[in-house]
Amino acid sequence: MEFTYVPYRGSTQAHPDLMSGRVDIMFDTVPAALGHIRAGKLKALATTGAERAPQLPDVPTIGEAAMPGFEASTWGMVIAPAKLPPAVLAKLSADCAEAVRQPPVVERHAALGAAIQTSAPEETRAFVQAEMEKWGEAARRAGIQPQTVG
C-alpha cells in the first residue's frame, strides 16, 4: 500500500480532517479514536495489535484482515536519568508497578482503551531495543529517510 504522509501535531488536529473527508485514512490509537468510533463519526477498519482490542471486539487486527504476523503498538514508559543508582531505580520501578495495578488506574485505562503492562528496567531496555531494530529495518526496506516535523 502507498500512503501520503500528512503531518499532524496529534489526533485532535487530524480527526476533523478525517471526519470531513480531507484525508482518507489514519493510523491512530484506540484511546484517541474510541469516542469518535462509538459516536459513529469514525469507522475502525482494523487494529494493529497482536490481539483484538477489548473495546472493539468486532474489529479485526491487521494480521487477521490482511497481513499475517503484523503487529504494532503504541507504548509509553516512565524514564529516569541513565546514572540513577540501582537501588533508586529498583524502588522507582516497584513503586510505579504497584501504582498502575491499583483498581482505579486499571479501570480508567481500560475505559479509555489502553492496557497497562509493567516490566523490569532490563526488560524495558530489551523491548525498546527490539522495537528500534524492528522499525529501523522496516524503514530501511521501505526507503524511508528520517525527517523533522514541526
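Q: Is Arg22 buried or exposed?
A: The general idea is a cut-off on relative accessible area: buried means under 20%, exposed means over 50%, and partly exposed is in between (1.4 Å probe, protein chains only). Arg22 is exposed, because its relative accessible area is 62%. Keep in mind that this is a predicted model, where local features need pLDDT of at least 70, side-chain atom pairs count only at pLDDT 80 or more, and totals for chains, interfaces and linings use all residues. Residues are numbered from 1 along each chain as its sequence is written, and side-chain values use heavy atoms, with hydrogens and water left out.

Q: Which residue forms a salt bridge with Arg22?
A: Side chains of opposite charge can pair when their charged atoms come close. The rule here asks for a side-chain nitrogen of Lys or Arg within 4 Å of a carboxyl oxygen of Asp or Glu. For Arg22 the partner is Asp17, with the closest N and O atoms 3.4 Å apart. Asp17 counts as buried, at 16% relative accessibility, whereas Arg22 is exposed.

Q: How many salt bridges does the count come to?
A: Six, by this rule. One of them joins the side chains of Arg52 and Glu64, at 2.9 Å from N to O. Arg52 sits in the loop between α2 and α3 while Glu64 is in helix α3, so this pair ties together parts that are twelve residues apart in sequence. Arg52 is partly exposed, with a relative accessible area of 36%, and Glu64 also counts as partly exposed, at 48%. Another bridge pairs Glu98 with Arg101, where the closest N and O atoms are 3.6 Å apart. Glu98 is partly exposed too, at 41% relative accessibility.

Q: You mention helices. How many helices and strands does the protein have?
A: Helices (H or I, at least four residues) and strands (E, at least two) are DSSP runs, numbered from the N terminus. This protein has six helices and zero strands, so along the sequence you read α-α-α-α-α-α.

Q: At what angle do α1 and α2 pack?
A: Helix α1 (residues 11-20) and α2 pack at about 35°, and their axes are 11 Å apart. A crossing is left-handed if the near helix is turned anticlockwise from the far one by less than a right angle, and right-handed if clockwise. The α1 and α2 crossing is right-handed.

Q: Which residues of α1 and α2 meet there?
A: Contact means heavy atoms within 4.5 Å. On the α1 side you'll find Ser11, His15 and Met19, which meet Ala32, Ala33 and His36 in α2. The buried residues of α1 are Ser11, Ala14, His15, Asp17 and Leu18, and they pack against α2. Just after α1 comes Gly21, with a positive phi of about 90°.

Q: What about loops: is Thr47 buried or exposed?
A: Thr47 is in the loop between α2 and α3, and at 8% relative accessibility it counts as buried. Leaving aside neighbours within four places in sequence, Thr47 is in contact with Arg52, Ala53, Leu56, Val59, Pro60, Thr61 and Ile62. Compare Leu45, found in the loop between α2 (30-38) and α3 (62-65): Leu45 is exposed, with a relative accessible area of 57%.

Q: Which residues form a nonpolar patch on the surface?
A: Patches are made of residues with over 30% relative accessible area and no salt bridge; like charges are joined within 9 Å, and nonpolar side chains (Val, Leu, Ile, Met, Phe, Trp, Tyr) within 5 Å. Here the members are Met1, Phe3, Ile25, Phe27 and Leu45, with about 630 Å² of accessible area together. Those areas come from the Shrake-Rupley method with a 1.4 Å probe, and for residues only the protein chains shown count as cover.

Q: And how many residues does the protein have, with what share buried?
A: There are 150 residues, of which 18% count as buried.

Definitions and conventions:
Axes fitted to C-alpha atoms, helices over the stretch in contact; angles between N-to-C directions.
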